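Open the model in a viewer and keep the selection panel at hand. The tour starts at the ligand and then moves to a helix.

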Amino acid sequence: MSVLITGGAGFIGSHLVDHLLAETDSQIVILDTFSTGRASNLAHLSTDRLETINGDVRDGSLVTDLVGDADAVYHLAAAVGVENIIDNPLNSMQTNLQGTENVLEAAATDTTPTFIASSSEVYGKSEDVPFAERDDRVYGPTASPRWGYATTKAADEFLALGFHAERNLPVVIGRYFNIVGPRQTGQYGMVIPTFVEQALAGEDLTIYGDGTQTRSFTHVEDAVSITHDLLTTTEAHGEVFNIGAPGPTSINDLAKRVIELTGSESGITHIPFAEAYDEDFEEPDEREPDVSKLRDTLGRVPTADLDRILQDVIEERTSEVSA
Ligand code: NAD
């Protein structure tokens with residue numbers, strides 16, 4: 001069996017590679033531009049079961065060829081990270097829209113099972129927590145590029161569901177909620193790696209806003225094993241799933257826990273959102289998944305708690321600093 005992972009050099013993608021190498025006999029092909037992804041995410045692997053292609057999901061003929069050779073596709077390539085989306089709005093829209101349509105169109109030719117990575121951002125600034133898959137979405141104006149990411153991911157979902165309805169594509173859509181763990185970079189505004197790096201460097205942890213906003217954090221190992229299970233479960237095809245851990249944490253509590261677990265002397269500084277981004281920036285207060293559908297379908301939900309996640313990230317960053 002041959003599996004194509006777009007975005008396989010990225011954070012979640014590289015953990016999915018690890019998982020599939022360990023749990024299956026599949027040959028794995030990665031398609032990645034190495035923009036936010038890194039060769040170092042795959043450097044620990046030495047196997048002839050893995051092939052890496054440096055290319056773009058917007059390249060339709062390349063995608064057609066690679067998907068044509070695959071028995072299953074995980075489409076994770078995307079422009080990600082709020083700061084990245086705000087800085088590069090056009091490139092982000094095109095990557096997330098054209099790229100996904102290319103993958104789906106190619107997969108539909110042989111009805112190749114395909115996983116589409118979506119996001120909790122799809123719920124926008126809805127306050128109706130916990131979010132269930134059929135809940136309403138609430139977005140800000142198009143003048144605020146921040147909502148462009150959510151809009152592309154929602155459009156990707158509509159496309160995928162359309163390919164399922166009209167072309168019988170066995171597709172599964174997973175809405176990831178704050179997936180975290182080793183190899184995630186803090187470069188694009190991700191909170192846990194940023195806090196851990198600040199704590200280890202003895203710098204103040206910078207919280208945007210008053211820190212009362214809450215998030216549910218999910219260990220990447222849980223996320224990739226659930227991703228794999230969903231695509232191999234026929235009942236999940238044509239469906240949308242939240243992939244996240246229940247149990248939210250405030251950003252203030254997260255910062256305090258990082259300081260405790262690292263034994264750091266760091267303090268905490270709060271920065272207004274308008275100063276960190278721009279005046280129109282909007283950040284949802286709460287984001288928590290309703291995981292009933294996932295539990296009903298797979299019989300399980302993510303289990304790793306926040307301390308386990310933080311310990312894994314701290315261990316990785318500490319060994320990088322001492323290497
Ligand atoms: P990541 O940035 O590490 O991974 C994205 C990968 O896509 C990178 O390796 C990047 O180089 C690659 N890429 C970007 N543009 C490309 C293009 N045009 N062609 C080919 N490859 C390209 O981020 P991640 O956190 O691993 O995210 C993986 C997927 O999960 C994305 O679709 C993202 O939107 C989604 N997601 C992630 C989270 C999270 O918490 N990490 C939350 C919601 C959704």
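**Ligand shell**

Strands here are DSSP runs of E with at least two residues, helices are runs of H or I with at least four residues, and both are numbered from the N terminus. The model is predicted: local features need pLDDT of at least 70, side-chain atom pairs count only at pLDDT 80 or more, and totals for chains, interfaces and linings use all residues. Residues are numbered from 1 along each chain as its sequence is written, and side-chain values use heavy atoms, with hydrogens and water left out.

Zoom in on D32: an N or O atom in its side chain is 2.6 Å from a ligand oxygen atom. The protein covers 94% of the 820 Å² of accessible area that the ligand has on its own (Shrake-Rupley, 1.4 Å probe).

**Helix 8**

Now select residues 251-262, which form helix 8. Which of its residues are buried? They are I251, N252, L254, A255, V258, I259 and T262 (under 20% relative accessible area, 1.4 Å probe, protein chains only). Seen down the axis of helix 8, these buried residues fall within an arc of 165°, so they line one face of the helix; the arc is taken over directions from the helix axis to the C-beta atoms. Finish at G263, which follows helix 8 and has a positive phi, near 65°.

Methods
Polar contact = N/O pair within 3.5 Å; in protein donor to acceptor, adjacent residues only side chain to side chain. Expected span 1.5 Å × (residues − 1). Buried < 20%, exposed > 50% of the residue type's maximum accessible area, 1.4 Å probe, protein only.
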